[in-house]
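Here is a friendly walk through one protein model, with the strands, helices and a few local details taken in turn. Have the viewer open as you read.

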Amino acid sequence: MKQLKLILLSVTAGLMLNACSNEAPSNSDASSDTATNTSVDKQVITIGSDMTFPPYEYLDEQGNPGGIDVEIMARVAELNGAITPKWEDTRWANLIPGLKGGKFDVLYSSMYITKERLEQIDMIPYYKTDISLLVRGDSDIEPKGADDLCGETVGSMKGTAFSTQLAEISQKCITQNKAAITINEYENSPQTTQALLSRAVDIQYDDAAVMKEASAKLGDRVKVTSTQEFFPIVGGIGIKKGDTETYKIIEDGIEQMKQSGDLEKILSAHGLTVPSQADIDQTMN
């Protein structure tokens with residue numbers, strides 16, 4: 001009887017040991033799988049941007065990226081599922097050299113598509129905008145269009161299409177026997193607005209969405225007076241020439257946003273539009 005008890009105890013202990021042995025590897029394997037799934041690294045896309053250009057891109061009070069372009073890029077990353085954006089704030093003059101030199105994978109800085117830029121980098125079109133004119137709230141001038149700029153002191157961002165456009169308008173003023181435009185250039189849009197407020201310039205020539213944002217922020221200290229069309233233009237996202245992988249990632253995301261209506265929704269909230277195929281063809285060719 002005693003021998004039978006010993007046999008039964010031995011069998012029971014063995015079954016318990018086997019049960020524990022079977023359970024432990026199962027938990028261990030599950031933990032390992034979870035760790036593997038959560039530790040999968042996403043591809044980091046480094047984005048160069050002059051983040052002084054609300055509402056397109058800016059740094060909030062905590063230093064976090066925000067704006068239209070940040071929102072669009074976050075959606076592109078979400079749709080792709082395998083990339084994560086890393087924003088790098090830099091000044092405008094550093095953008096294209098930084099992309100060409102490998103410092104950035106993408107330029108996302110509300111950059112207008114021009115022939116000169118297409119010769120240096122590839123660009124993915126995604127929005128259409130125009131120019132607006134901003135003056136002080138107490139200004140006695142209310143320029144409506146390009147002809148009203150003749151003889152005025154106008155501020156714009158250095159190294160941008162704005163300066164080139166102003167130079168063209170000024171030359172037209174001269175050919176019409178009117179006074180040339182005095183053009184003062186500044187490093188970024190907020191500095192240009194500050195120059196307007198401090199009376200260093202009388203008019204700010206800038207992107208329509210940016211001027212709308214400045215007017216909303218500054219209230220009756222400034223006002224947008226332009227009503228005429230200037231240079232409707234398509235803006236794009238810059239990719240290094242030959243980087244077809246990154247180009248496809250961004251292009252696919254933008255196209256999906258177009259199809260879903262998400263892109264139009266984001267842009268229209270700031271008075272911007274999705275460019276038509278005709279707009280794109282004209283710009284890219």
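## Sheets, helices and local details

In this predicted model, K128 stands opposite V234 in β13. Strand β13 covers residues 233-239, and seven bridges join β7 to β13, the two running antiparallel.

Both strands belong to an open sheet of five strands with mixed pairing, in the order β5-β1-β6-β13-β7. Which strands stand at the edges of this sheet? They are β5 (83-89) and β7 (122-129); each has a single partner strand, so one side of each is left without a neighbour in the sheet. On average, and ignoring direction, neighbouring strands here are turned by 25 degrees against each other.

Helix α8 (residues 244-260) lies across β1, β5, β6, β7 and β13, and runs at about 25 degrees to β7.

S110 is in strand β6, and the phi of S110 is near 40 degrees, a positive value in a residue other than glycine. Is S110 buried or exposed? With 4% relative accessibility, S110 counts as buried.

Next comes a parallel pair. Five bridges join β9 (residues 153-157) to β10 (residues 182-186), and these strands run parallel. Within this pair, G155 stands opposite N184 in β10. From β9 the chain crosses through helix α5 (residues 161-175) to β10, making a right-handed β-α-β crossover.

The angle about the S-S bond is -85 degrees, which makes the link of C150 and C173 left-handed. What does this pair tie together? C150 lies in the loop between β8 (131-136) and β9, while C173 is in helix α5, so the link ties together parts that are 23 residues apart in sequence.

| Residue | Relative accessibility | Class |
|---|---|---|
| C150 | 14% | buried |
| C173 | 1% | buried |
| S110 | 4% | buried |
| T52 | 16% | buried |

Three strands form an open sheet with antiparallel pairing, in the order β2-β3-β4. Here β2 and β4 (65-66) stand at the edges, each with a single partner strand, so one side of each has no neighbour in the sheet. Two bridges join β2 to β3, which run antiparallel, and F53 stands opposite E57 in β3.

T52 lies in strand β2 (residues 52-53). Its class follows from the cut-off: buried means under 20% relative accessible area, and T52 has 16% relative accessibility, so T52 counts as buried. The side chains of T52 and D50 are joined by a polar contact of 2.7 Å. Which residues does T52 touch, not counting those up to four places away in sequence? They are E57, R91, N188, S189 and P190.

P55 is found in the loop between β2 and β3 (57-59).

N188 caps the N-terminal end of α6, with a side-chain oxygen 2.9 Å from the backbone nitrogen of Q191. In α6 itself, S189, T192, T193, A195, L196 and L197 are buried. Just after α6, R199 takes a positive phi of about 70 degrees. R199 sits in the loop between α6 (189-197) and β11 (203-207).

Methods: Residues numbered from 1 in each chain as written. Predicted model: local features only at pLDDT ≥ 70, side-chain atom pairs only at ≥ 80, totals over all residues. Heavy atoms only, no water. Pairing = 2+ DSSP bridges. Helix = DSSP H or I, 4+ residues; strand = E, 2+ residues; numbered from the N terminus. Axes fitted to C-alpha atoms, helices over the stretch in contact; angles between N-to-C directions. Contact = heavy atoms within 4.5 Å. Right-handed = clockwise from strand over helix to strand, strands pointing away. Buried < 20%, exposed > 50% of the residue type's maximum accessible area, 1.4 Å probe, protein only. Polar contact = N/O pair within 3.5 Å; in protein donor to acceptor, adjacent residues only side chain to side chain. Disulfide = S-S within 2.5 Å.
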